[in-house]
Number of protein chains: 2
Amino acid sequence: MKIAELSRRAGVPIPTIKFYIREGMLPRGERTGRNQAAYSEAHVERLGLIGTLQQVGLSLAAIKQALQAMDSTQDDTGDFMAIAVGALAPPSPARDDVADGETEARAEALLRTMARQRDWSIDEECAAWHAAVRACAVVLDAWPSAFTEPDLERYAAVAEQMAAFELPETWNPAASRAEALKYVVLGTVLFEPLILALRRLAHVDRGEKLRARRARASHPSRP
Amino acid sequence: MKIAELSRRAGVPIPTIKFYIREGMLPRGERTGRNQAAYSEAHVERLGLIGTLQQVGLSLAAIKQALQAMDSTQDDTGDFMAIAVGALAPPSPARDDVADGETEARAEALLRTMARQRDWSIDEECAAWHAAVRACAVVLDAWPSAFTEPDLERYAAVAEQMAAFELPETWNPAASRAEALKYVVLGTVLFEPLILALRRLAHVDRGEKLRARRARASHPSRP
């Protein structure tokens, strides 16, 4: 198909398509004439993938990085997905005030200890690491002495548990790499609101159960 | 102290203080003259609490509800905190497109089944429930047939686990109710970015470990 049809099919303006080609995010079409190129279904799919990654909050630089990793790595899994997830724009912080340098350093130290304890391989350059440091600093700022290594450990254990069922050993990174990338990135982002909402429901339930238990304890039934 | 000093100490404009009093969110001062009232440290604290709850995203209506519950409930825990957490503004969704009515109905059915299975007490009027339904619908929309009851169960189990260590049985809702309310609301909101960031780090680590395992499996060392 010609570029006009590709644009129509993918819902992406022609200048944007040309930009993606220049940036190496989309392969060139097959040359069919002096100013003509033919595009295939693979181009439509790739534009769809770029659109999806943008929609869930990846920056253009992150998408470029993820696609390059996907196109260039040799093995069937892992690498490019780790790069994609690591590069995801961090969830917005609950508070605007940034913790001071000292608190950030404490947060970093806590996270490093945790990663060592749990044998996590960590890339301290990735966005996920920076987001974790910042989020941990906000918590330390609110509870300067009450949040310590064992507390962080419990959250890390829960995160590890989620990752284990979300990316099971038997999981085959699938027919296509593009599908695998989409699965991991969408899975990471789309489940976040669900996880947070369930935690809130669990808090409500927990509060209710503790209240009921205390009420029973203070008014024991008599024989 | 006079209202001008209260305003200065709490960093809240006088008209806003008057508004809070009219709305029943702040007690009146003790009358000391025809147009004079005296305010106490309790007023400064209460304004601080209102400010904190606003900062972490509670709507004015939710704050009012939480404060009324805190002021009026008889028992020492549970109720007013459940109301506060339930009323928290839901985390912003990853996608703008709203799922259709049918998908929402499926999400609701899934969540009700889960709540019954796990014996969660649920208030279907609270913001947390609506957020959960919406978040679950977004997931169902992305994976129409792949996300089922057992999947939701696994996330619910993780949420329950977090709630259990976040609100331990031994936890004493503290010296003051205001402190307890602040603890629960801040705890719910400030930990969210940390939980999400740790999950991303766990994904990166998991991807890396699966990759390494596959590499070992395809190149076994020879004797």
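This is a predicted model: local features need pLDDT of at least 70, side-chain atom pairs count only at pLDDT 80 or more; totals for chains, interfaces and linings use all residues.
Residues are numbered from 1 along each chain as its sequence is written, chains are lettered from A and ligands numbered from 1 in the order in which they are written, and side-chain values use heavy atoms, with hydrogens and water left out.

**Stop 1: the axis**

**Stop 2: where the chains meet**

Now select the residues in contact (heavy atoms within 4.5 Å). You will pick up 82 residues from chain B and 83 residues from chain A. Between the two chains, about 7900 Å² is buried, and carbon and sulfur atoms give 70% of that area. Buried area here is the accessible area (1.4 Å probe) that two parts lose on being put together, summed over both. Show Tyr155(B), Arg199(B) and Arg200(B) next: they supply 10% of the area that chain B buries against chain A, more than any other three residues. Of the interface residues of chain B, 100% are also interface residues in chain A, so the copies meet through the same surface.

**Stop 3: bridges across the interface**

How many salt bridges are there between chain B and chain A? The count is 4, a salt bridge being a side-chain nitrogen of Lys or Arg within 4 Å of a carboxyl oxygen of Asp or Glu. For one example, select Arg200(B) and Glu192(A), whose side chains meet in a salt bridge at 2.9 Å, N to O.

Stay on this side of chain B and switch to the cartoon view. The elements giving two or more residues to the side that touches chain A are α5 (79-87), α6 (101-118), α7 (127-142), α8 (149-166) and α9 (177-218) of chain B. Helices (H or I, at least four residues) and strands (E, at least two) are DSSP runs, numbered from the N terminus. Which element gives the most? It is α9(B), with 29 residues.

**Stop 4: a salt bridge inside chain A**

Select Arg118(A) and Glu153(A), which form a salt bridge with the closest N and O atoms 2.8 Å apart. Arg118(A) lies in the loop between α6 (101-117) and α7 (127-142) of chain A and Glu153(A) in helix α8 (residues 149-166) of chain A, so the pair ties together parts that are 35 residues apart in sequence.

**Stop 5: the hairpins**

Finish with the strands. In chain B, β1 (residues 30-33) and β2 (residues 36-38) pair in the antiparallel sense over 3 bridges; strands pair if DSSP finds at least two bridges between them. β1(B) and β2(B) form a hairpin with 2 residues between them, and Gly33(B) has Gln36(B) as its bridge partner. In chain A, look for Arg31(A), which stands opposite Ala37(A) in β2(A).
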